[in-house]
Amino acid sequence: MTKAILHRLGMAAITMVGVAVVIFVLLRVAPGDPIAMMISPGASVADVAALRAHYGLDAGLLQQFLVWARDLGRGDLGTSISLHRRVLGLLAERLPATLELAFAALVFAVLLGGLIAVFATLTSQSKIAPVVDTINGLFLAVPDFIWAFLLVLVFGVFAPVLPLSGRIDPSLGVTFATPFYLLESLFALRLRVFLDVSRHMLMPTLALGLPLAAIITRVLKESLREAMVQDYVLLARLKGKSELRLVLEEALRNAVAPTLALTGVQFTFLLGGTVIVERIFSYPGIGNMAIDAVINRDLPLIQGLTLVFGALFILVNMSVDLLVVAANPRLRHG
Amino acid sequence: MVDLNRRQALAVGAAGFLSSLLVGGGADAEAGDTLTIAFNVNLPAFDPTVGPSSVNPTIQAIYRAVYDQYIGQNVDLSLAPGLLTKWGWSDDKTKAWMDVREGVVWHDGSPLTPEDVAWSIERAGDPKGGNPVAFVWGSLGGFKIEGQRITADVKNFDPTVFKWMAFLTGYVLPKAYYTKVGADGFEKKPIGTGPYMVDEYQGNAFLRLKRNDKYWGPKPNFETVIFKFVPDGTSRVAEIESGSADVTLEIPYEEYDRLRAKPGLAGVCKPITDIGMIFITNVEKEMLDENVRQAAVCAIDKDLIAKKLLRGYATPIDTLDAPGYEAYDPSIKTPYDPEKAKQLLAASGYSTEKPVKFRIQTTRGFKPKDYETVQAIVGMWRKVGIDAEIEVYEIAKHYELRAGHKLAPMAFYNWGDAIGDPTCSTGFAMFSPSPHSAWKSKDLDDKIGPLWGEKDEAKRIAGWKAIDKYIAEKAYVIPLVQYSQPIVFKSSLKVTANATGALQPTLVAKA
């Protein structure tokens, strides 16, 4: 197990270096010059050159990369062109918001997807089955940003019971010791604040979580269907166990491994989905910040954000790999 | 007493939590002395003098709430006393003088001094400081202070420098405080002399401001102002429709018409200093043919675009100096005449059967109906013998191509000039040395060049009008429409439209 972890960590480090190089080069060859976006109409050639030098974009590509790599090695991701702040500080400030949202959506998706899969398995022979499949198909087909707009219409306009934007009510005027608002307010038992943060997270959580829940439902339901005809389930059924207990106590344990692997992969897509969903709900995470960074061609910030997204993707995949190994004795023992 | 088992207790708890999520607090904006604005852009940074946000016209609404400009500006673009009460040039225009207002205090309680003003101009004019318009501020130097009066040497005469003091990056910052806390410290806790003080800021989410009770000007109307950053247009519509915001702006014109008809909501939509235009790049041979350029102008029915496509919320224009600008000349006309367009094209050997072909670039969704406008124009052109191929690109690409003089033969763009001075409209858009011009020709440069330093104001404005006329005759650019800015607000409020497009909190009052 330790060897497997070390191997994956080594691979992750190599992948991150690759991501860093590719992103650096791609951003320099992609259209859109950050300096061209901010030069005034009356600026002379010398003014433009001065601006370029001010932001360290006057050197050659290799030299820029070496400077960036050297600073990166020291834990310095540079200064954002558009936000005038250190990139590392900005990421430390915004990443927790995205992590709380993504994990809330993941928990919601796992619970909802799991419940529906179990329900669908129990009712697979009834007239409800095609209805469940159809609804699930619909949830699968609708992408997260469409859910976001639908939720805005329903809970923001027709029945305005939920806040439409932000992470907390601006008029509350509360302060936090950490950037993890949800967790901090929960553990500090500031229930009014916790409730407000939860209310702000509800719609983006649903928008991100519903498509993932549909995927989990489909995969888990199929796995359960296969498991339910295995000998050990038949034996348990002969012993008189109820269908619910058969599913929960016998089939689920074996059906969960493929679902776990797929959920991990889909979770990385969910992280990608935070970009547009955070934008729609004006949720102050790294996804929302990424859009502004791209619009402004804020190269240091885009590089920092891409590295964080890359690291998250790698971390999630590595964790899932290890969980699958841990959950499956055959893999664990080679 | 009802006994609950573990599952029932969990179920009751979950149901209670879910219902409290849905009923806890409602979505209404804060009533009473709080103004909530669903704003269309995020505030990236607090320093109003450096970086891309400093030249973003929309963000000036926030900067003007926190800081004061050297010189104020009325909603009709005219200048008004700001932190400078009087200003002017010496007779020979070798000196500039400014009188600094007395009795003004910074948000931290320290007094504003003439040193703050002189330092702010010097800092802005430092080419290494990152101010995008350092060339303007750098025209003044050698500051001397006597009492409240600052006198500066004019290094190179720029007749617009005082107008810039009410425009982009023209803000006074606190010398002592900024020097003490540095750039990072200032971003964390910015102070100004403006009507509102920064109370809390969450990037990409909101900015909460508190009334500055020591403000030197009229008492601000609200105790608290909240800017919610809602860049998505649909979400802004939902914010105002649900009552979560008191005011919003820059929504689709269709939604503006729908919302202002609803009970409890009102709207205002007035022309602002933002125009739609088509750049012509004089690189490919088709664009060097005057007949083709003039035909392209004649074939566009701007009235139809303004009335039908933009629902009447735009004004057709014939020069880059729009109505309300100082050098606007209503006598310059480029009328819609498709028959003349056909004749002009025929003179160059083109017809509907053998059309002249070129590319036209446009953004999609960056400005109201930008892509649709270009589509309509291409349709109009097709009827007279112009076959234009549309290429959609991002605005960042536009800037890069324009700076490198590599735009397509024609390119749609919007141009803002919030001080209405011809140097900032026709000047920078059409003068070759400007990195933002697309038509670069000696004949035009010879006419524009002498006006940059013209000391006689009447002669200067007359000169720009003559240039606008010349450009229209030669068809070096295609001005299209002046946009109106839709603002929707609760009918319990009164909003004064600002020709610059900056929705400052001081322009909102209780009805």
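Phe65(A) sits in helix α3 (residues 61-73) of chain A. Helices here are DSSP runs of H or I with at least four residues, strands are runs of E with at least two, and both are numbered from the N terminus. Phe65(A) is partly exposed, with 17 other C-beta atoms within 10 Å. The scale is this: 20 or more other C-beta atoms within 10 Å of a residue's own make it buried, 12 or fewer make it exposed, and anything in between is partly exposed, with C-beta atoms placed from the backbone. Leu83(A) is 18 residues away from Phe65(A) in sequence, and the two are 22 Å apart in space, C-alpha to C-alpha.

The model is predicted: local features need pLDDT of at least 70, side-chain atom pairs count only at pLDDT 80 or more, and totals for chains, interfaces and linings use all residues. Residues are numbered from 1 along each chain as its sequence is written, while chains are lettered from A and ligands numbered from 1 in the order in which they are written.

**Chain A as a whole**

Chain A has 13 helices and zero strands. Its C-alpha trace spans about 85 × 55 × 40 Å along the principal axes. Of its 334 residues, 40% count as buried. Two residues are in contact if their C-beta atoms, placed from the backbone, lie within 7 Å. Among the contacts in chain A with a separation of 6 or more, 73% join residues 24 or more positions apart.

**Two helices against α11(A)**

Helix α11 (residues 286-295) of chain A meets helix α10 (residues 243-280) of chain A. It also meets helix α4 (residues 87-122) of chain A. Axes are lines fitted to C-alpha atoms, for helices over the stretch in contact, and angles run from 0 to 180 degrees between N-to-C directions.

| Helix pair | Axes come within | Crossing angle |
|---|---|---|
| α10(A) and α11(A) | 7 Å | roughly 90° |
| α4(A) and α11(A) | 8 Å | roughly 125° |

Angles under 35 degrees count as roughly parallel, over 145 as roughly antiparallel, 65 to 115 as roughly perpendicular and the rest as oblique. α10(A) and α11(A) are therefore roughly perpendicular to each other. From α10(A), the contact uses Thr274(A), Val275(A), Glu278(A) and Arg279(A); from α11(A), it uses Gly287(A), Asn288(A), Ala290(A) and Ile291(A). By class, these residues are three nonpolar, three polar and two charged. Ala, Val, Leu, Ile, Met, Phe, Trp, Tyr, Cys and Pro count as nonpolar, Asp, Glu, Lys and Arg as charged, and the others, Gly among them, as polar.

The axes of α4(A) and α11(A) cross at roughly 125°. That makes α4(A) oblique to α11(A). Leu91(A), Arg94(A), Leu95(A) and Thr98(A) in α4(A) meet Ile286(A), Gly287(A) and Met289(A) in α11(A).

Which order do the strands take in the open sheet of chain B? There are four, in the order β4-β5-β7-β6, with antiparallel pairing. Strands pair if DSSP finds at least two bridges between them. β4 (84-89) and β6 (140-146) of chain B stand at the edges, each with a single partner strand, so one side of each has no neighbour in the sheet. Neighbouring strands are turned by 20° against each other on average, direction ignored. Five bridges join β5 (residues 95-100) to β7 (residues 149-154) of chain B. In this pair, Ala96(B) stands opposite Ala152(B). Helix α3 (residues 114-125) of chain B packs on the sheet and touches β5, β6 and β7 of chain B. Its direction makes about 175° with that of β6(B).

Elsewhere in chain B, β8 (residues 196-202) and β9 (residues 206-211) run antiparallel, joined by six bridges. Gln202(B) stands opposite Phe206(B). Three residues lie between the strands of this hairpin, where Asn204(B) takes a positive phi near 65°.

Helix α14 (residues 395-403) of chain B is mostly covered, with seven of its nine residues buried. Among them are His398(B), Tyr399(B) and Leu401(B). The buried residues pack against β16 (410-416) of chain B. Just after α14(B), His405(B) takes a positive phi of about 55°.

**The interface**

60 residues of chain B are in contact with 49 residues of chain A. Helix α7 (residues 233-242) of chain B gives the most to chain B's side, with six residues. That side has 29 nonpolar, 17 polar and 14 charged residues.
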